[in-house]
Amino acid sequence: MINTSLRILLVEDLETDAALIKRQINKIVKSPEIEVTDNLEDSKELLLNFAPDVVLSDYNLPTCTGLDILEMVKEYDENIAFIFITGTVNDEELAANTILNGASGYILKKHMNNLAEKLEPLLKKVVINMVSKNELRERIRDNKITVNQIYDYLDKINQDNAEHRQNIDRIKNAINQFKIDDDEDIR
């Protein structure tokens with residue numbers, strides 16, 4: 001049993017597979033935090049605001065491939081472990097490509113019954129890397145979340161500023177119209 005808390009991003013489009021994978025994770029990780037999505041956009045959002053320790057992904061997804069998810073994760077942080085859990089990678093060349101592209105490993109869905117056994121050594125490796133960097137990891141995670149909140153706040157300020165400028169322009173137009181009407185009354 002892995003006692004270290006793990007944040008896991010699970011990218012899976014089939015609810016039944018996601019439920020099975022979560023059940024298998026709970027067999028080997030004490031109190032994991034698991035977020036599930038099935039697309040690139042939500043995965044990016046979760047990378048930014050959930051800051052996972054590891055990403056588990058299917059290969060075939062409705063709007064993209066697992067390689068697209070892998071590429072985005074590695075652009076975001078090349079140190080995040082990425083593991084494919086898929087029914088697709090039974091082609092040795094494709095499996096090799098996933099590893100060459102930066103995946104930490106892959107597990108075939110046909111092994112779902114003993115997924116915990118196959119996943120545990122990969123997750124232990126993640127934990128070993130985490131423990132050595134635990135304090136730094138928490139500070140980085142907190143900083144990433146804070147930075148994302150600042151960006152959201154700044155976006156809202158920009159929207160408010162645009163609205164204020166529009167209101168000021170309306171007031172100026174009303175004043176100018178009033179001046180024009182007043183000047184015509186004087187004549």
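**Close-up views of a predicted chain**

**View 1. The whole chain and its order of elements.** Six helices and five strands make up the chain, where helices (H or I, at least four residues) and strands (E, at least two) are DSSP runs numbered from the N terminus. Starting at the N terminus, the elements follow the order β-α-β-α-β-α-β-α-β-α-α. This is a predicted model, in which local features need pLDDT of at least 70 and side-chain atom pairs count only at pLDDT 80 or more, while totals for chains, interfaces and linings use all residues. Residues are numbered from 1 along each chain as its sequence is written, and side-chain values use heavy atoms, with hydrogens and water left out.

**View 2. Confidence along the chain.** The pLDDT is the predictor's confidence in each residue, from 0 to 100. Its mean over the chain is 86, and 89% of the residues reach 70 or more.

**View 3. Cover and contacts.** Of the 187 residues in the chain, 36% are buried; here buried means under 20% relative accessible area, exposed over 50%, and partly exposed in between (1.4 Å probe, protein chains only). The chain exposes about 11700 Å², with carbon and sulfur atoms supplying 49% of it; areas come from the Shrake-Rupley method with a 1.4 Å probe, and for residues only the protein chains shown count as cover. Taking contact as heavy atoms within 4.5 Å, residues 24 or more positions apart account for 71% of the contacts with a separation of 6 or more.

**View 4. The loop at G87.** Have a look at G87, in the loop between strand 4 (81–86) and helix 4. G87 counts as partly exposed because its relative accessibility is 46%. Beyond its neighbours within four places in sequence, G87 is in contact with D58 and K109. K109 is 22 residues from G87 along the chain, yet their C-alpha atoms are separated by 4.9 Å.

View 5. V147, I150, Y151, Y153 and L154 make a nonpolar surface patch of about 510 Å². Patches are made of residues with over 30% relative accessible area and no salt bridge, joining like charges within 9 Å and nonpolar side chains (Val, Leu, Ile, Met, Phe, Trp, Tyr) within 5 Å; a salt bridge is a side-chain nitrogen of Lys or Arg within 4 Å of a carboxyl oxygen of Asp or Glu. Y151 sits in helix 6 (residues 134–186) and is exposed, with a relative accessible area of 52%. V147 is also found in helix 6, and at 37% relative accessibility V147 counts as partly exposed.
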